[in-house]
Amino acid sequence: MPIKNTPWTLGLLLLSALVLLPLSSLPQRLDYWIYDSIITRPAASTPAAASAVIVAIDEPSLEQLGRWPWPRSTHARLIRRLNLAGAETIVFDILFPEPSSGDADLASAMRAHGNVVLPVHLSPPSRARLMETHLPAPALASAASSLGHAHIELDEDGLARGLYLFNGLARRVWPALAVAATGQSMPLQSDSTAPYVNVRTRYAAVPLAGGAGTLPTYSYADILNSPPATGAFRGKTVFVGATAAGFGDILPTPFSRLSTPLSGVEFHANSYNALVSGELIYKTDRLWSYGLAVSTALLLAILLPKMRPTRTLAICLSMIAVLLSLQAGLIVWGERWLPVSLAVLMPALAFPFTSASRLAMANRFLNRQLNELAQGQQLSLPATNRRSPTQLLDHLRTLLRPSQWWLSANNEMISASGLTRQDIPDDLPAYEWKHIGNQSWIKLMRGQIHYRLGLTLTHDLSLEAVHRYLQRLPLLPDTLPGIGPRTSGEHVSARITQVKRASRRMYRLQQFTQRSFERMPDGIIVTDELGVIRFANSHIERWFNEPAPSLNGMPLTRLLEGHDPRETLPWHETLADTLTLSQSRTVDLRVRDKDFLVHLAPFDLPDTPQSGIIANISDISELRERQRQHREAIDFISHDVRSPLVSQMALIEQLKRNPERVAPEQLEQLGRLARRSYNLAEEFVQLARAEQLTETRFYECEFLAIVENARDSVSEQAAEKHIHLSLHGTEDLWLMGNAELLERAVINLLTNAVQYSDPHSTVNIVVFAAGHQACLTVSDEGRGITPDELPYLFDRFQRQKSSEISGNFGAGLGLSFVNVVVEKHRGEITVNSTPGEGTSFTIRLPTAHPL
């Protein structure tokens, strides 16, 4: 049953979570983790720009140039060197707050270059004082092309991800070093009247190119001691700063987990790199994050209660994937950082909320239904091992009809017929049948009473199958002395035990129904009230060549029209009448050259408004084939057999009118008609015998001898046309079969070969072995068979046109008889014919298994 107001319930839960989550640090940490995962991917990191170069104050430089601070004349030498190398802009990440004796030299070098940026630092001089702006020494500040602040922001988790592009106190807001390096060096004016207020604007996250050493880096000392490489600094922006361990600022970044912390000068170089390439990432307003989270919560509240649990999980995972893809796309292509943690947490919470709600509903429903289900009627069969021996004997006598039987209890006879106490075998095992010839005995124990039961069964081919059936009967009691009932080690509640019991009963009922439908000889289709297939057994899949997944959900009308379209009494009318009028229908159906009979019966499910159709589809192809054969037999008798008999009667009447004028040719004609009638009757009888042949009439016979006998039978007919019968084969080939019918089949092949061969020709007969098969090939040199007649050569009453023209009249049963005999012997027959050259028939039969 659906839960009322579930969308409202889920929506209120999600909105409550949306209000409470910002009170914790979880959303913020999740935002940072998502951002770091995106920004540290190799495909997302910004490549090092060719215009950004770092001159590092590293350990080798400190060793060569001495302890810090270095004379400012040293920095002047560096500027001159870089000026000669063609550096376009020089940015110092080194503070020069106090005047020094080398300021004049450094200022001169800075003016000579003309584009040197110096840092500004904002900090209180002591804890007791307010924040102040620390500018470079006046001589240096006036010589610099621009000034920029060197502050880098650390987020709440202690990692450096970005900086404020403009930072300063109230009336003087300074650009960041990276911004100043691009030429925006003039301080911005603020309207704030409080000079101590720290004004920070335009925060931007920096997509780092990687860890330390990613950007091109040169040692400070190497630049002073040797000329720079050609083109290393020409037209580039050079950042000068400390990278030595323990000297300068070392910043943890999203790449720090890779053990590659970043120095301040490298961070500023990365900022410049991202700025000039337009790849700085700006945070969106927090309202967009809340709006996205609220929209996601409302959408989930509308969608999830209407969906199945499996789809609920898929929808939640899909929403999370879409939100993460949205943030990744905005960061990589839109240079926007839209925190989506709150929105991502909505589907992450919605799934357990929805699952808990559904579990509560299912629990309430199960609590109401379990008692009824557990107490429901169970479909079971009485156990055979719980029947009394007297009842067991009565049932076995009714089923197997033994000619004799015996039943005794503790050596006292209870019931007997034909069997005596002396027939009971010695050492009869308990609960296990002992078979002696056609007698079967068993000992049963009921408490202290020992029963002995014996049967004398019919000694026929089914005896072995009956023995196997008796062995399968479950006669062993549920418990034996010394063997306790099987117990489970699980400690489960009464409710779970009740569920297990009810589920087991439902499973048994389902298995019984399914197996019953599958074991039925007919095809079964069950539809709903709209005629849509909801169940079909394996017969339907095989007959219609449709897989089960495509059958389920297919309209029955479409299935039937697709295989047997009809204009008169169309299928949709038949099915519609069955459903609307609640009347059964029986119609014919033809599918893939097979005939079926379809019984359509409407049904109603109890205690529900649902209804549908049960279609029982019976394969009547064999019945229709027999009807066709019956009609052909009637036609054969009424025409082929009746015609010579009528001719004989007319000739006899003519002879009776003139008995004194009996000519020899009339007697000859009468004899031919009589022989023709006999041959037709003989062929018909032989075909009927072949069709009734079963393997019970098989015995071991030798194939070469059968062929030799057949050749001898046809030799006189062949001699009349001067046809030579050439037999090849000397190997004895033994097989299980009926020699009489096999010989008749070979005679038919040889007779046909002689009839359709020209005089003075040869009929070749070859007997040979091929693997586990005995083979016979009969080849003639006659007129052959046309290709259009070959497919129908073995059909009943099928005559060749050449036979009719040549006057070789027959019933068309000879080759049909051969085909039936070969099939009964589990063999095969093939024909190869070329018109004007001859025909070759080949029979392959399985040989007898060696003893």
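Select isoleucine 90 in this predicted model, and look across to strand β11, where valine 238 stands opposite isoleucine 90. The strands concerned are β2, residues 89–92, and β11, residues 237–242, which run parallel and are joined by four bridges. Now keep isoleucine 90 selected and turn to β3, where valine 116 is the residue that stands opposite isoleucine 90; β2 and β3 (residues 116–123) also run parallel, joined by two bridges.

Next, show the side chains of β2: which way do they point, and are they buried or exposed? Thr89 and Val91 point one way from the strand, whereas Ile90 and Phe92 point the other way, and all of them are buried.

Widening the selection brings up an open sheet of five strands with antiparallel pairing, in the order β17-β16-β20-β19-β18. The edges are held by β17 (412–417) and β18 (434–436), each with a single partner strand, so one side of each is left without a neighbour in the sheet. From one strand to the next, the twist averages 15 degrees.

Finally, select residues 389–400, helix α13, which lies across β16 (404–409), β17, β19 and β20. Viewed against β20, helix α13 runs at about 10 degrees to that strand.

Notes. Residues numbered from 1 in each chain as written. Predicted model: local features only at pLDDT ≥ 70, side-chain atom pairs only at ≥ 80, totals over all residues. Heavy atoms only, no water. Pairing = 2+ DSSP bridges. Axes fitted to C-alpha atoms, helices over the stretch in contact; angles between N-to-C directions. Contact = heavy atoms within 4.5 Å. Buried < 20%, exposed > 50% of the residue type's maximum accessible area, 1.4 Å probe, protein only.
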